[in-house]
Amino acid sequence: MDLELQGKTALVTGSGRGIGLAIAQALASEGCNIALNARTAETLGTAARTFAEPVSTHLADVSQPAKCQALIEEVIRRWNRLDILVCNVGSGASVPPGQETSGEWQRMLGLNLLATTNMVAVARNVLQQSQGVVLCISSICGQEILGAPLTYSAAKAALNQYVRGMARPLATDNVRINAIAPGNILTPGGVWDRKGQADPTALHALLEREVALQRLGQPEEIADLATFLVSKRASFITGSIYVADGGQVHA
Ligand code: NAD
């Protein structure tokens with residue numbers, strides 16, 4: 001299948017490691033120009049060295065609106081265009097359900113919802129020019145209450161509604177928007193890596209009980225779906241949330 005991604009420019013937020021880095025690598029392998037983003041120069045440098053072709057690196061905390069604007073300007077200065085925006089930044093690390101504070105709600109909504117809405121707002125004009133595409137990384141925690149922090153579940157549920165609701169306004173600009181809701185994905189040093197190290201038996205029992213495929217997912221399995229969704233082969237798809245969880249919430 002020809003994805004026709006050769007020569008497209010893609011910005012992936014939070015692409016220093018984990019799912020974001022895997023998506024950036026998959027898009028690079030299809031011939032995209034890659035703009036990486038993270039909050040530390042060290043993370044960006046390490047990530048950039050994993051690519052065969054030169055990539056651009058952009059330091060920015062995308063939970064801050066002004067930084068999002070500056071980030072898009074930097075990417076346009078470097079590549080002259082933006083075709084693909086992947087809003088990947090997010091985190092489930094928060095307080096247990098029932099222990100939320102006003103500050104924690106604001107921090108988690110900033111990271112898991114506003115980091116995306118801010119980026120789409122500042123990228124809208126350039127994506128309209130390229131007839132581009134937005135892909136958001138949500139979570140199955142936005143679909144159902146699975147015991148994760150409520151701040152995270154509520155913020156990802158709001159993100160899902162944002163994706164559905166923005167499909168029509170963005171369609172008037174010929175821009176598509178979709179989301180992937182991953183299940184439990186194993187990333188080096190990530191939450192599932194830590195859980196597996198701390199108590200492998202408990203992790204195995206959880207996977208056996210909750211997940212049809214009885215295993216963790218790999219970042220590359222999310223990246224493959226992402227690559228399809230941002231390509232022309234998905235040109236009739238907008239406003240959709242794709243679950244990729246090995247059969248957890250629907251099976
Ligand atoms: P990760 O923590 O491994 O990597 C996140 C990257 O984003 C890091 O490079 C970090 O530096 C960067 N980052 C964090 N906050 C940032 C900010 N404000 N501005 C710029 N960069 C920032 O994350 P991950 O596990 O790969 O998760 C990526 C996305 O996938 C998140 O939205 C997460 O909610 C979602 N997700 C992850 C899993 C999982 O099991 N790992 C499951 C479902 C959904």
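Predicted model: local features only at pLDDT ≥ 70, side-chain atom pairs only at ≥ 80, totals over all residues.

Visitor: Where in H4 is the kink centred?

Guide: The kink in H4 is centred on Arg 124 and amounts to about 55°.

Visitor: What span should the 29 residues of H4 have, and how far apart are its end C-alpha atoms?

Guide: At 1.5 Å a residue, H4 should span 42 Å; its end C-alpha atoms lie 39 Å apart, which agrees.

Visitor: How does one describe two packed helices?

Guide: One gives the angle between their axes and the distance between the axes. Here, the axes of H3 (residues 65-79) and H4 (residues 102-130) come within 8 Å and cross at roughly 35°. This crossing is right-handed.

Visitor: Which residues of H3 and H4 meet?

Guide: From H3, Pro 65, Cys 68, Gln 69, Leu 71, Ile 72 and Ile 76 meet Asn 118, Met 119, Val 122, Ala 123 and Val 126 of H4. By class, this contact comprises nine nonpolar residues, two polar ones and no charged ones.

Visitor: How many helices and strands does the protein chain have?

Guide: The protein chain has eight helices and seven strands. Its radius of gyration is 17 Å, close to the 18 Å that the globule rule gives for 251 residues, so the chain is as compact as a globular protein of that length.

Conventions: Residues numbered from 1 in each chain as written. Heavy atoms only, no water. Axes fitted to C-alpha atoms, helices over the stretch in contact; angles between N-to-C directions. Helix = DSSP H or I, 4+ residues; strand = E, 2+ residues; numbered from the N terminus. Left-handed = near helix turned anticlockwise from the far one by under 90°. Contact = heavy atoms within 4.5 Å. Nonpolar A, V, L, I, M, F, W, Y, C, P; charged D, E, K, R; others polar. Expected span 1.5 Å × (residues − 1). Bend = angle between axes of the 7 residues up to and from the residue. Rg over C-alpha atoms; globule rule 2.2 N^0.38 Å.
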